[in-house]
Amino acid sequence: MIADLPKPIADYVAANARLDLAGMLHPFAPDAVVKDDGGRHQGHAALRRWMLEATIASKAIFTPDTVRHEGDQVVLEGPTAGDFKGSPLRFTLRFTLGDDAIRALEISL
């Protein structure tokens with residue numbers, strides 16, 4: 001894991017490595033928005049469904065190997081490996097933080 005990540009992001013990445021659904025959801029603000037694969041998911045109920053379908057079902061584990069700051073975003077890049085076609089694939093995750101929580105996450109290839 002990359003050292004010195006903001007706590008909500010570090011908690012999300014660590015929980016993802018364990019495929020811990022509750023741990024992955026916890027760092028997100030109640031009204032957080034995730035944009036992934038053309039979809040938009042907002043609020044804990046929608047994020048939980050997205051995590052079950054996109055991450056838990058395919059055992060997709062993201063391993064960040066680079067971090068940078070772009071304006072108010074923390075951008076992580078790295079491979080995601082799991083039970084899906086083309087695994088591993090390299091993804092970029094753009095986090096927006098606020099009030100010690102993840103407010104938004106945008107995922108792209």
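I began in the loop between β6 and β7 (101-108), where D99 sits. The helices (H or I, at least four residues) and strands (E, at least two) I name are DSSP runs, numbered from the N terminus. The model is predicted, so I kept in mind that local features need pLDDT of at least 70 and side-chain atom pairs count only at pLDDT 80 or more, while totals for chains, interfaces and linings use all residues. Residues are numbered from 1 along each chain as its sequence is written, and side-chain values use heavy atoms, with hydrogens and water left out.

**Entry 1**

I looked up the phi of D99 and found a positive value near 55°, in a residue other than glycine. D100 belongs to the loop between β6 and β7 as well, and its phi is also positive, near 60°. Are these two buried or exposed? I use buried for under 20% relative accessible area, exposed for over 50% and partly exposed for in between (1.4 Å probe, protein chains only). D99 counts as exposed because its relative accessibility is 73%, and D100 does so at 76%.

I then checked the peptide bond from S87 to P88, which is cis with omega near -5°. P88 lies in the loop between β5 (73-81) and β6. A reminder to myself: most residues other than glycine have a negative phi, and most peptide bonds are trans.

**Entry 2: aromatic pairs**

How many aromatic pairs are there? I paired rings of Phe, Tyr and Trp (its six-membered ring) if their centres lie within 6.5 Å, calling planes under 30 degrees apart stacked, over 60 edge-to-face and the rest tilted. The count by this rule is two. Y12 and F28 have ring centres 5.6 Å apart and planes at 85°, so I noted them as edge-to-face. Y12 is in helix α1 (residues 7-17) and F28 in strand β1 (residues 28-36), so this pair ties together parts 16 residues apart in sequence. Both Y12 and F28 are buried.

The rings of Y12 and F95 are also edge-to-face, because their centres are 6.0 Å apart and their planes at 65°. With Y12 in helix α1 and F95 in strand β6 (residues 89-98), the pair ties together parts that are 83 residues apart in sequence. F95 is buried, as is Y12.

**Entry 3: the core**

Next I traced the largest nonpolar core, which has 27 residues. By nonpolar core I mean a set of buried Ala, Val, Leu, Ile, Met, Phe, Trp, Tyr and Cys residues joined through side-chain atoms within 4.5 Å. Y12, F28 and F95 are among its members with the most contacts inside it, a list that includes M51 and L93. Elements giving two or more residues to this core are α1, α2 (21-25), β1, α3 (44-56), β5, β6 and β7. Helix α1 supplies the largest share, five residues.

I also listed the contacts (heavy atoms within 4.5 Å) of F95. Neighbours within four places in sequence aside, F95 is in contact with residues including I9, Y12, V74, L76 and L105.

**Entry 4: P30**

P30 is in strand β1, and its 63% relative accessibility is why I call P30 exposed. Residues up to four places away in sequence not counted, P30 touches G43 and H44. P30 and Q42 are 12 residues apart in sequence, with their C-alpha atoms 8.5 Å apart.
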